[in-house]
Amino acid sequence: MYVSVKCALILLHQLSFSYGDSLVSFEIEDYVGDRFVMKRDSASGQKSAHFKEGDYFNINFCLRNITNVKLWSVVYSNDRSDDDVEFRLDGIMFGNLTTTYHSNYGHGWDEFMHYYPKGPSLTLSSGKHFISVNVSHTDYYGIELDQLNILTDSNLMKNTLIC
Ligand SMILES: [Ca+2]
Ligand SMILES: [Ca+2]
């Protein structure tokens, strides 16, 4: 199922995004099975997805042109102890999310926070790509992911990313 990495020309380098930048949002609940999806009033789209250690999923998308991309932010919630999530793009590390202890007696699951990973900018060829999300560590209660925001140097619309 994975797109061959060698088909995707990927260059690691530092970019300065400027005119024409756009943020593309991926709703996590759109990319996982129903058993993960949680209804949350404060989440984007009023839904998020709940994960525990060892869970993983992919977000597949297609580009029409060479595009520079960077993982801008991850929107998540947590109620209790810390968690770690890894994001890769075509197999290359794209960013990490590490949560910290946060507790509101169960209400914390509906309190969504933005995390800004310090990942690289990647230059992607046109064609198919995938973001793989690996929930590498959680406490007993897990973590919820609401939304990924990707910064691009093209004026992309969500519906142009469909393969
Ligand atoms: Ca947790
Ligand atoms: Ca959402």
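Ile143 is in contact with Phe51, Tyr76, Asn78, Asp83, Val85, Thr99, Val135 and Thr138, leaving aside its neighbours within four places in sequence. Ile143 is also among the residues with the most contacts inside the largest nonpolar core. The model is predicted. The protein has twelve strands and zero helices.

**Overall build**
- From the N terminus on, the elements run β-β-β-β-β-β-β-β-β-β-β-β.
- Of the 163 residues of the protein, 31% count as buried.
- Take the contacts between residues at least 6 apart in sequence: 81% of them join residues at least 24 apart.

**The largest nonpolar core**
- This core has 26 residues.
- Those with the most contacts inside it are Val74, Tyr76, Val85, Phe87, Ile131, Ile143 and Leu145.
- Eight named elements give two or more residues each: E4 (47-51), E5, E6 (67-77), E7, E8, E10 (121-124), E11 (127-137) and E12 (143-152).
- Which strand gives the most to this core? Strand E6 does, with six residues.

**Strand E6 and its partners**
- E6 is mostly covered, as eight of its eleven residues are buried.
- E6 and E12 run antiparallel and are joined by eight bridges. Here Tyr76 stands opposite Leu145 in E12.
- E6 and E10 also pair in the antiparallel sense, over four bridges. Val69 has Leu122 in E10 as its bridge partner.
- Three bridges join E6 to strand E9 (residues 113-115), and these two run antiparallel. Val74 stands opposite Tyr115 in E9.

**The four-stranded open sheet**
- An open sheet has the strand order E5-E11-E7-E8, with antiparallel pairing.
- Strand E5 (56-63) and strand E8 (92-98) stand at the edges. Each has a single partner strand, so one side of each is left without a neighbour in the sheet.
- Neighbouring strands of this sheet are turned by 20° against each other on average, direction ignored.
- Strands of a sheet pair through backbone hydrogen bonds, either parallel or antiparallel.

**Strand E7 inside that sheet**
- Strand E7 covers residues 84-89 and pairs with E8 in the antiparallel sense over six bridges.
- E7 and E11 run antiparallel too, joined by six bridges.
- Val85 has a bridge partner in each of these strands: Leu97 in E8 and Val135 in E11.
- Arg88 stands opposite Met93 in E8.
- In a regular strand the side chains alternate between the two faces of the sheet.
- How do the side chains along E7 alternate? Val85, Phe87 and Leu89 point to one face and are buried.

**Two loop residues with positive phi**
- Most residues other than glycine have a negative phi.
- Arg80 has a positive phi, near 120°. Arg80 lies in the loop between E6 and E7.
- Is Arg80 buried or exposed? Arg80 is buried, because 20 other C-beta atoms lie within 10 Å, and a residue counts as buried at 20 or more.
- Asp90 has a positive phi near 50°. Asp90 is found in the loop between E7 and E8.
- Asp90 is buried, because 21 other C-beta atoms lie within 10 Å.

**A look at Met38**
- Met38 lies in strand E3 (residues 37-39).
- With 16 other C-beta atoms within 10 Å, Met38 is partly exposed. A residue counts as buried from 20 and exposed at 12 or fewer, so Met38 falls in between.
- Which residues does Met38 touch, not counting those up to four places away in sequence? The contacts are Lys47, Ser48, Ala49, His50 and Glu144.
- Met38 and Asp110 are 72 residues apart in sequence. In space they are 10.0 Å apart, C-alpha to C-alpha.

Terms used:
Residues numbered from 1 in each chain as written. Chains lettered and ligands numbered in written order. Predicted model: local features only at pLDDT ≥ 70, side-chain atom pairs only at ≥ 80, totals over all residues. Pairing = 2+ DSSP bridges. Axes fitted to C-alpha atoms, helices over the stretch in contact; angles between N-to-C directions. Contact = placed C-beta atoms within 7 Å. Core = buried A, V, L, I, M, F, W, Y, C linked by C-beta atoms within 7 Å.
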